[in-house]
Amino acid sequence: MRKLALLFLSLIMMPISHASGIAKVTDAWVRLPPPGAQIAAAYFTIESKQTLSLSSVTSPAAEVVEIHTMSMHNGMMEMRQLPALALEAGKPVKLEPGGLHLMLINPKQALKEGDTVHLVLNFKQGKRVIGEVDVTATVKAPAH
Ligand SMILES: [Cu+2]
């Protein structure tokens with residue numbers, strides 16, 4: 001019983017980490033939106049050594065950031081918001097055009113090619129907040 005209490009104590013006293021040790025994010029970019037667009041999509045590859053979930057994302061560059069998925073519905077591509085993005089230990093997840101993406105809603109400034117957009121990724125394990133990871137994404141025109 002005492003051992004269990006100690007274990008619990010050490011778990012709740014674990015500091016919230018700002019290190020990138022929680023998850024590795026690579027190739028972060030934002031698709032250059034058409035002029036006047038009120039949304040922009042962001043993509044990256046994310047991998048975590050532990051099973052956890054990307055529970056929310058914020059950015060100083062946009063009013064709201066949502067996690068979206070795309071799927072075919074009655075022959076039409078549809079976007080749907082996900083409450084969280086589940087990550088399995090050691091399995092990279094790719095956010096890419098036509099699939100999973102972050103949706104930046106109401107960008108605070110018009111985005112130009114080469115701009116950098118700061119994203120803060122918040123992670124949870126079950127209901128427990130485990131920390132955040134800062135990501136810098138570069139605005140790029142889609143390569144066709
Ligand atoms: Cu979307």
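User: What should I know about the model and its numbering before we start?
Analyst: This is a predicted model, in which local features need pLDDT of at least 70, side-chain atom pairs count only at pLDDT 80 or more, and totals for chains, interfaces and linings use all residues. Residues are numbered from 1 along each chain as its sequence is written.

User: Where in the chain is confidence lowest, and where is it highest?
Analyst: pLDDT is the predictor's confidence in each residue, from 0 to 100. Helix α1 (residues 2–12) has the lowest mean, 53, while strand β7 (residues 93–94) has the highest, 98. Helices (H or I, at least four residues) and strands (E, at least two) are DSSP runs, numbered from the N terminus. The chain averages 89.

User: Why is Asp27 called partly exposed?
Analyst: A residue is buried with 20 or more other C-beta atoms within 10 Å of its own, exposed with 12 or fewer, and partly exposed in between; C-beta atoms are placed from the backbone. Asp27 has 13 such neighbours, so it counts as partly exposed. Asp27 sits in strand β1, and its phi is positive, near 50°, though it is not a glycine.

User: And what makes Asn74 exposed?
Analyst: Asn74 has 5 C-beta neighbours inside 10 Å, so it counts as exposed. Asn74 lies in the loop between β4 and β5 (76–82).

User: What makes a group of residues a nonpolar core?
Analyst: Its members are buried Ala, Val, Leu, Ile, Met, Phe, Trp, Tyr and Cys residues joined through C-beta atoms within 7 Å. The largest one here has 30 residues, and Leu102 is among those with the most contacts inside it. Its largest share, five residues, comes from β2.
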